[in-house]
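Hi,

Here's the structure I promised to pass on. Have a look, and my notes follow below.

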Amino acid sequence: MKSQRIAPHLFLLPFFLMFAVFWIYPILYSFYVSLTQWDVFHAPQFIGLKNYVQLFSDPEFHTAMANTFMAAVVYIAVMVSLAIVLGLLLGLAQIRFKSFFRAAFFLPVTMSLVVVAIVFGMIFSNDFGLLNVLLSGLGLPTFNWLGDPKLALWSIVALRVWRAAGYYAIFILAGLQNIPEELYEAARLDGASEQQIIRKITLPLLKPMVLYVIIISSIWAFQLFDEPWVLTRGGPVRSTLTMMMYLYSYSFKYYQFGYGAAASTVLTAIILLFAFLNLKIFRTSEI
Amino acid sequence: MKKTNHITIPFVIFLILSLILASCAPATAAPAEPAAAEASASQPTAAAQPAAATESTSAEAASSKDVITVWAWGEAAAVIKAIKSDFETQNPDVEINLVEMGPWDLMDKLLVALSTGEDVPDVAEVVRRVFPPYAQSGQLLDLTDMAAAYKDGFTTGSVAEVSYDGKLYAMPTETSYSVFAYNKEIFAQYGIDPAQLQTWDDVKAAGEKLNADGIKIIYQIMPTGPSGSMLWNLFFISRGGNIFDENGKVIRDNQLASDTFRWYYDMKDVSWLSPYSAPTLYQAIKDGTLAAVATDSAALSSIKTQAPEMAGKWAFIPWPRWSQDDPKVLGRWGGSAFTIPAKTKHPEAAWKLVEYLTVTDEGITAMWETGSLLTSYQAAWDLPALTATDPFYSDMSFVDMLKDYEAAPPYYWVNWSQTQTILGTHIDEMFVGASTPEEAWAAAEAEIIAKTEK
């Protein structure tokens with residue numbers, strides 16, 4: 001009897017051992033590193049909370065935090081809305097060539113990020129960029145998309161939305177396909193309009209999938225790195241500097257691993273907070 | 001419903017912690033810096049390295065050769081491929097196992113390899129300007145004695161950049177000098193005599209002439225970023241400038257740097273502003289929007305590759321001076337070197353390759369002919385391959401032109417990654433009109449002092 005009680009735990013043990021060694025230990029060690037001064041070549045020196053004090057008094061970190069937060073919020077709002085619209089469109093019975101559209105929407109996320117960033121660098125180019133050529137062709141003013149501190153971050157967010165919206169639309173479509181058809185039939189028999197059906201049936205029942213999309217996409221949104229790294233290196237005037245770029249630079253470029261780990265811990269705390277807020281809002285409200 | 005939340009919350013915590021914090025664990029690779037920014041070399045996968053090492057080990061056992069693993073990027077990697085056969089014929093006991101990756105990816109991986117002692121290469125190419133922390137790591141082979149015979153043949157400063165505490169930890173490979181190259185047809189069309197472009201004032205006046213028709217005389221990098229600040233620094237070095245003194249301290253109230261910020265800003269109106277390494281730069285060269293470039297000599301090779309139709313239409317002139325009375329001094333972008341980790345199992349074989357690449361006629365010739373990399377070993381600048389004229393640039397010899405210049409004073413690359421990022425930010429600030437050049441330099445200087453604590 002006793003061995004029967006132990007058996008499941010033994011079966012689970014390998015996973016927990018691996019989890020502890022390869023996940024929990026690095027996480028805890030990373031937190032320990034954040035309390036040290038460490039150049040990676042020499043032994044870390046414990047300095048308590050000094051890295052955190054320095055971090056919160058660094059205007060560069062404030063800029064990185066603000067940029068990351070603004071980019072993440074706008075990206076999530078626009079991207080999720082667009083993904084829902086695309087998902088709903090893909091779910092419409094009237095749409096033909098659905099497989100083609102599904103593949104087309106999914107395509108951007110399969111492309112190498114660096115290649116995408118380089119192509120968008122050409123699209124956003126001030127002199128020969130496709131966007132400015134189109135604008136000037138229409139007689140509209142042109143913009144320095146990546147060279148203007150007021151526009152650069154939003155140009156990068158636009159790139160990210162383009163890349164991710166189709167991918168998450170497939171998730172939304174999967175969520176739509178899980179909604180029982182009988183509910184729609186019943187609503188139609190009761191005389192509900194298409195807008196009412198979307199508002200009262202589709203969106204509420206999509207809530208778990210939307211929540212999943214928001215949480216997953218927000219984790220990646222707060223880790224914005226590759227696109228600004230390739231396109232702008234955080235400039236101009238740090239307008240595209242993100243927290244991931246900040247912690248990467250301090251760790252691997254400036255050899256201040258303790259400081260970089262402190263920035264990483266703060267980023268984690270922010271993402272956790274954001275995720276909990278999402279959970280809380282979605283738990284208590286309707287879309 | 002409540003039960004679902006109990007599962008969801010730990011799941012979310014797990015997911016977030018896993019994705020973010022684990023990436024900061026010391027033995028975990030950092031986000032790879034895209035190689036496309038500075039090198040066209042193909043990227044090896046992380047898995048490819050152990051595989052290569054395993055293959056190397058078995059090959060080594062089979063042939064009893066010293067198989068040396070070499071990390072290099074772009075042009076130098078192409079050179080190693082080109083010389084591999086000749087080198088291995090000359091050294092039948094050595095076999096080269098080349099691993100290519102981008103320069104910053106390589107520097108990150110080398111940092112991890114040296115600090116953990118795992119997967120350490122036998123030879124690694126390194127970026128000289130960010131080499132000091134590596135030299136101070138105690139994880140590299142001291143090459144002082146092996147290189148003693150060659151030390152005096154290198155260009156001023158290049159040996160100092162790879163030395164620490166009187167010991168040499170790498171062999172300088174190449175140095176990128178400043179070059180002013182121009183489109184002959186456009187200059188002729190606008191009546192600009194290149195021989196008259198003696199100073200930067202002359203260049204600006206010629207630029208204003210071209211600017212009337214929307215043609216630019218140089219390009220500047222915007223957003224500036226680390227690469228754009230290197231371009232500013234190229235001009236600054238040619239002016240004899242330094243941000244740090246020989247003791248590694250920031251020079252206070254650096255008037256020359258402030259003046260160079262002002263000059264760089266004033267050139268903005270006659271410059272073509274472009275992000276670093278943007279393909280559109282070559283489009284501007286091809287369609288004549290950009291009539292000249294003032295940058296580092298690596299551009300000579302890039303223009304040839306990216307705009308081959310311009311062959312014979314471009315030439316270069318000596319690097320302009322800051323005033324008629326100034327000495328003729330070149331700027332430098334930086335350079336690379338080859339280092340040997342102390343944990344190598346084949347120090348002699350590794351040294352043979354480093355010596356071959358950096359100081360032998362064959363290696364230096366291959367560096368120039370295959371990679372357009374000008375050796376830092378100045379004693380070899382008379383080699384026929386280096387002084388040969390280039391049909392693309394109107395049968396001129398870049399190396400011959402360099403011989404007229406005085407060596408620039410030593411440049412002190414202290415905390416350079418951080419310094420160049422700060423410089424880039426404040427150059428951008430003045431470009432977007434957020435501050436005057438003088439204010440921008442003052443802010444840059446203050447921030448460099450605060451951040452580097454120097």
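**What I found**

The second largest pocket comes out at about 1,300 Å³. A pocket here is an open set of points on a 1 Å grid over the protein atoms alone, where a 1.4 Å probe fits, with protein on both sides within 12 Å along at least five of seven lines; the volume is the space filled by probe spheres set on the points, which are joined across faces, edges and corners. It is lined by 48 residues, and A:Y254, B:V414, B:N415, B:T452 and B:K454 are the closest to its centre (lining means an atom within 4 Å of a point). The lining has 20 nonpolar, 17 polar and eleven charged residues (Ala, Val, Leu, Ile, Met, Phe, Trp, Tyr, Cys and Pro are nonpolar, Asp, Glu, Lys and Arg charged, the others, Gly among them, polar).

Before going on: this is a predicted model, with local features needing pLDDT of at least 70 and side-chain atom pairs pLDDT 80 or more, while totals for chains, interfaces and linings use all residues. Residues are numbered from 1 along each chain as its sequence is written, chains are lettered from A and ligands numbered from 1 in the order written, and side-chain values use heavy atoms, leaving out hydrogens and water.

As for chain B, 58% of its 454 residues are buried (under 20% relative accessible area, 1.4 Å probe, protein chains only). Chain B has 18 helices and eleven strands (DSSP runs, H or I of at least four residues and E of at least two, numbered from the N terminus). Of the chain B contacts between residues at least 6 apart in sequence, 76% join residues at least 24 apart (contact means heavy atoms within 4.5 Å).

Cheers

Conventions
Buried < 20%, exposed > 50% of the residue type's maximum accessible area, 1.4 Å probe, protein only.
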